[in-house]
Amino acid sequence: MSEELKPCPCGSSAHIEDQSKTKNKHEGVVFGRIVCDKNNPFDVPSKRCYMKTVCGPLKEVIRSWNNRPREDALKVRIAELEGKNGSI
Ligand SMILES: [Zn+2]
């Protein structure tokens, strides 16, 4: 998979779980889901992140995971404010 995953909103990295073997109704379409690396069932609940996506066509799942309109808008606004701050 060439598209890079954004980190989980908790700050941890995330990984793709291939679910193609369980979802073989649509040949040629790779199915999977994205799971936070801190979603470890053996961790104590207070240290665990429960973030994961539903299983679906992997291209759509990755697009959905990486879609962060608020985060992107905040990055633009921060860049604007840093630019203004530099000119003061
Ligand atoms: Zn997480």
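Which residues does Valine 61 touch, not counting residues up to four places away in sequence? In this predicted model, local features need pLDDT of at least 70 and side-chain atom pairs count only at pLDDT 80 or more, while totals for chains, interfaces and linings use all residues. Residues are numbered from 1 along each chain as its sequence is written. Valine 61 touches Gly32, Arg33, Ile34, Thr53 and Gly56. Contact here requires C-beta atoms, placed from the backbone, within 7 Å.

Val61 also belongs to the largest nonpolar core. A residue is buried if 20 or more other C-beta atoms lie within 10 Å of its own, exposed if 12 or fewer, and partly exposed in between.

The protein chain has 2 helices and 3 strands, in the order β-β-β-α-α. These are DSSP runs, with helices (H or I) of at least four residues and strands (E) of at least two, numbered from the N terminus. Helix α2 covers residues 69-87 and reaches 28 Å from its first C-alpha to its last. The expected value is 27 Å, from 1.5 Å times one less than the number of residues. None of its 19 residues is buried, so α2 lies largely in the open.

Of the 88 residues of the chain, 10% count as buried. The C-alpha trace spans about 60 × 35 × 20 Å along its principal axes.

Notes: Core = buried A, V, L, I, M, F, W, Y, C linked by C-beta atoms within 7 Å. Contact = placed C-beta atoms within 7 Å.
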